[in-house]
Amino acid sequence: MKPDWDKLALEFEGSASVLVADVDCTTEGEDVCSRFGVSGYPTIKTFFADGEEPEDYKGGRDYASLVNHVEENLLIACLISDPDNGCSDKEKAYIEKMSSKSKVDVVSQLDRLSGMKNQSMKKELKGWVNQRLRILNQVSQSQQEL
């Protein structure tokens with residue numbers, strides 16, 4: 001599970017709404033684990049922005065299941081079909097820019113950003129790369145539906 005967890009952390013690195021972290025309950029994390037009732041490994045807790053008590057995650061431990069959980073429950077998604085609900089001004093500008101591009105240009109940007117995705121970069125830049133990829137995937141899909 002650790003490789004999938006680390007991959008999940010990389011996927012959402014730089015996200016404004018998702019933090020994937022791990023705590024070692026046998027060392028400096030003992031207080032955190034005690035406070036949140038962690039008694040075994042691996043334990044996955046979901047914390048929400050509203051400050052309520054965390055929930056135990058009971059889903060699959062594979063990468064696809066973890067990503068699905070994050071995207072459905074935690075990620076504040078920016079949808080090109082409704083940019084006024086959940087998209088930042090920066091994302092809205094990018095949607096507007098890329099929606100007017102040709103299919104070839106969109107695929108070119110998808111390829112370029114996909115190549116950058118796993119490179120070492122600052123957290124903020126990684127987050128913006130991932131945001132643009134999510135937007136471009138939506139633009140590409142909408143272009144195929146036309």
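The legends below describe close-up views of a predicted model.

Figure 1. In sequence order, the elements of the chain follow the pattern α-α-β-β-α-α-α-α. Taken along the principal axes, the box filled by the C-alpha atoms is roughly 55 × 30 × 25 Å. The chain has 146 residues, and buried residues make up 30% of them. Consider the contacts between residues at least 6 apart in sequence: 51% of these join residues at least 24 apart.

**Figure 2. The disulfide of Cys 25 and Cys 33.** The sulfur atoms of Cys 25 and Cys 33 are 1.8 Å apart. The angle about the S-S bond is -75°, and the link of Cys 25 and Cys 33 is left-handed. Cys 33 has a relative accessible area of 5%, so Cys 33 is buried. The cut-off for buried is under 20% relative accessible area.

**Figure 3. The disulfide of Cys 78 and Cys 87.** Here the two sulfur atoms of Cys 78 and Cys 87 lie 2.0 Å apart. The link of Cys 78 and Cys 87 is right-handed, with 100° about the S-S bond. Cys 78 is buried, with a relative accessible area of 7%. Cys 87 is buried as well, and its relative accessible area is 11%. How many disulfides does the count come to? The count comes to 2 disulfides. When the bonded cysteines of the chain are numbered in sequence order, the pairing reads 1-2, 3-4.

**Figure 4. The cis peptide bond between Tyr 41 and Pro 42.** Most peptide bonds are trans. The bond that joins Tyr 41 and Pro 42 is cis, with omega about -10°. Where is Pro 42 placed? Pro 42 is in the loop between helix H2 (30-35) and strand S1 (45-46).

**Figure 5. The packing of helix H5 and helix H6.** Two packed helices are described by the angle between their axes and the distance between the axes. Helix H5 spans residues 103-116 and helix H6 spans residues 123-145; they pack at an angle of about 150°, and their axes are 10 Å apart. An angle over 145 degrees counts as roughly antiparallel, so H5 is roughly antiparallel to H6. The crossing in which H5 passes H6 is left-handed.

**Figure 6. The residues in the contact of H5 with H6.** On the H5 side, the contact is made by Lys 103, Val 106, Gln 109, Leu 110, Arg 112, Leu 113, Ser 114 and Met 116. On the H6 side, the contact is made by Val 129, Arg 132, Leu 133, Leu 136, Asn 137, Val 139, Ser 140 and Gln 143. How many residues of the contact of H5 with H6 are nonpolar, polar and charged? The contact divides into 8 nonpolar, 5 polar and 3 charged residues.

**Figure 7. Asn 137 in helix H6.** Asn 137 is one of the H6 residues that make the contact with H5. Asn 137 has a relative accessible area of 44%, so Asn 137 is partly exposed. Leu 110, one of the H5 residues in the contact, is 27 residues from Asn 137 in sequence. In space, Asn 137 and Leu 110 are 7.5 Å apart, C-alpha to C-alpha.

Note on methods. Residues are numbered from 1 along each chain as its sequence is written. This is a predicted model: local features need pLDDT of at least 70, side-chain atom pairs count only at pLDDT 80 or more; totals for chains, interfaces and linings use all residues. Side-chain values use heavy atoms; hydrogens and water are left out. Axes are lines fitted to C-alpha atoms, for helices over the stretch in contact, and angles run from 0 to 180 degrees between N-to-C directions. Helices (H or I, at least four residues) and strands (E, at least two) are DSSP runs, numbered from the N terminus. Angles under 35 degrees count as roughly parallel, over 145 as roughly antiparallel, 65 to 115 as roughly perpendicular and the rest as oblique. A crossing is left-handed if the near helix is turned anticlockwise from the far one by less than a right angle, and right-handed if clockwise. Contact means heavy atoms within 4.5 Å. Ala, Val, Leu, Ile, Met, Phe, Trp, Tyr, Cys and Pro count as nonpolar, Asp, Glu, Lys and Arg as charged, and the others, Gly among them, as polar. A disulfide is a pair of cysteine sulfur atoms within 2.5 Å. Buried means under 20% relative accessible area, exposed over 50%, partly exposed in between (1.4 Å probe, protein chains only).
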